[in-house]
Amino acid sequence: MTRWIEANSWTLGLAVLLAALLLMTKLIQPDFGASGLESLARAALPFALATVGMAIVVIAGGIDLSIAAMMAVASVTGAVLMDGATDAQSIPIVIGVLLLGLAMGAINGTLIVVTRVPDIVVTLAMLFVWQGVALLILNAPGGGIAPWLRGLITGSFGPDWLPRAIVFLAVVTAVIWLPIRRSKLGLRLYAIGSDPLAAFRSGVPVGQTRIVAYALCGLFAALGGLSVSMGTGIGEPIPGPYLLASVAAVVLGGVVLGGGRGGLLGPILAVLILRTVRMDLTLLSVDPNVAAIIEGSIMVAVVMFGAVLATRGRHA
Amino acid sequence: MPDVPSDAVLDATGVAKRFGAVQALKNASLQVKAGQVVALMGANGAGKSTFVKILTGVLKPDSGHVKIKGRDSTVANPAGARRWGLVPVYQEPSLIPDLSVLDNLRLGDTPVDPFRHWVSELGLPDIDPEALIRSLPLASLRIVDLARALAIEPDVLLLDELTAALPTDLVDRVLKTVRAQADAGRSVIYVSHRFNEIAAICDRATVLRDGLTVGDVAIEPGIEERIVEMMLGGAVAAAVSEDRPAKTVPTTTPRLRVKGLKTGTRLTDVSFDLHKGEVLGVVALEGQGQDELFDVLAGNRKASAGTVEVDGTPKTFHHPADAIAAGLTLVPGDRAHALLMSRSVRENIAVPLLARIKNWGAIRMGEEAAKVGQAIETLQIDTRAQGEVRRLSGGNQQKVTIARWIAKGVQTLLLFDPTRGIDIRTKRQIYGLVRDLADEGAAVLFYTSELAEIRLACDRAVVIFNGRVVDVIDAKDADESTLMRAAYGLTERAPA
């Protein structure tokens, strides 16, 4: 038990921080309640899915700068195909979009492994490629989306305080990640991020595992792109601010840039924290430019504070 | 199998490998029979580590074959080598730092119960399987790595410098276990510099020199001398004698006095004096603590015990800037660490001139040009490609790293293998340069992996083995076989 707390102290700290922030929100805005929580969760969903994808790649020792552009491709592909489609037709379309996400990620990963060009360069180049692809498919926001998909993330369950968007996020992440985390593939993802040479010598197929990591990132980008459409009802060809936000949440969530350490729960909590901070600053009617400065400062402060705590812990 | 020439379990023949211009292996071979422990030996640069990488499937040979139990196992990955029955334990443990011991076992499909058996057999019964690898000390990691290999029950076990940095009690257990493996009918390849361990557990020794297998001998009392001769080859006879008048060691305060220096697990107890005007050679096999010694002297690393005195004053370096302020200047072994590769020769030489804060502001071009020009001339640096240092040859790059300290003026120069991988003509120029610096009053500490250089460039040499100074030899007596014997710990005598 002690060890579990020790191993997950960062995540627990984030959970406490999030609870404190929500409490503060209630103090700032006494009528903040179920509906406020619901819209917060719905707004945070694309950010959270992007962060999960980014976290997987970062755990495996990489980074994917093309994540927001892949989300745009998925969003417009889904919206164009689903425009006027029946519910029955929309299911294979969703599956197709998810496969498209996997494929885009796998292309990123394969290029990195085969060309040996650094990941940051390859995915920066692919950012432009996927951006172009998205605009070719749909040059202005448009298209449509099946109503049942919108229903998946709108509203709350049971006693009103459990937003559907949170349930959706938890279910898709758990269904995809938990089986991987518990299999050898999960170990391999952590292994190549932690020490690629030792992993190679331990018999891990390093190249293949890296491609899988990027493919998973693409899959979550596709889910994120769909969730953008699910929120707005249309396809968005211009990538949203998801790239930097996801890197920020990954770092704040306790995943070490460089790989090998961290999980997915921390980054998800970090996304919610960053969104709540933004909401609170808006509620306090802080100038948006000042709000951005405050958000950045909070990030640096939290990560530094965490590093200090970690160093103390080791010496104690 | 029709093409099995012998009863060898592992049979490597005619293995060759080239890296760019360097032919690392020319024709290496190795045969290991069931029930045998075979030592793989060779001096620094003989091609041992390349050969190990080929045997274990990390590298593909350009030509030649590796057969395990008669089947071609010339594969290109470690997983493949393992399928054929060869499991290596590398010098650097190949465990994933951010995974637990148990997860590391799962990663490689290692059975857990045999692993537990072997860790307790090897003297670590209380290891916590949930502990993260990065939280364990290096000695434990080696034991975990070895136990993991043993649990797989390989036909051939390859152990690369396994006992380096292990405490003595664990070494004994490890050696017993390794011998027992062979007695149970398995085969072991034992890569080591340590003759006492080889005598204790090995049946045969295969010796590499310059990328060639030059001998395969049975281990018997007195074989050490023959192995040393094989590792040296014709070099002994061909040793160039360029005797300089012997220097009398001055009795004044030494420029640099090192006493009982210790850090990490490799550097245990090193003491020596280095005087003004002297070039003191350092001779050591790989990994005997010389890297740590230079790190401490250059301020990259702190000593856990011992003292460093500069001109009679005790010094502690917390940062390389402290060492530089005390007049100690390191020329690192890896040129890439010392040079600004995409800047010009002039800028590279001028960098230390500018590194003083009082020169903040405009660069005095005239003065700089004069000093730099003088250094280039002294060193005969080929400046045709001077726009970018990366385009110079390795030898000219190395000259630039030394030239910058001539331009600045140097008191104590720490040279770490400055002539590795450069041509003979440039080497001679560097020896000359080092001598000139000493004649002008500098003190030079000169580590080299080429034994012949001691006579050519140094006044005396300290020999380090297993983290301690085992001998001090005058340049006139420093022929290669004397140095080699000392470096292998065969002639241990307490330094005066």
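Tutor: Gladly! Two strands pair if DSSP finds at least two bridges between them. Keep in mind that this is a predicted model.

Student: What makes strand β16 (residues 328–331) of chain B and β17(B) a pair?

Tutor: Set the count against the cut-off: at least two bridges are needed, and β16(B) and β17(B) have four bridges, in the parallel sense. Therefore they pair. Within these strands, B:V331 stands opposite B:L415 of β17(B).

Student: How do you know that β17(B) and strand β18 (residues 443–447) of chain B pair?

Tutor: Five bridges join these two parallel strands, and the definition asks for at least two, so they count as a pair. B:T412, for example, has B:A443 in β18(B) as its bridge partner.

Student: Why is strand β17 (residues 412–416) of chain B called mostly covered?

Tutor: A residue is buried if 20 or more other C-beta atoms lie within 10 Å of its own. In β17(B), five of its five residues are buried, so the strand is called mostly covered.

Student: Which residues of β17(B) lie on each side?

Tutor: B:T412, B:L414 and B:F416 are on one side, with B:L413 and B:L415 on the other; all are buried, and both faces are covered. In a regular strand the side chains alternate between the two faces of the sheet.

Student: How many residues does each chain bring to the contact?

Tutor: Chain A brings 16 residues and chain B 14 residues. On the side of chain A that touches chain B, α9(A) gives the most, with six residues.

Definitions and conventions
Residues numbered from 1 in each chain as written. Chains lettered and ligands numbered in written order. Predicted model: local features only at pLDDT ≥ 70, side-chain atom pairs only at ≥ 80, totals over all residues. Buried ≥ 20, exposed ≤ 12 C-beta atoms within 10 Å, placed from the backbone. Contact = placed C-beta atoms within 7 Å.
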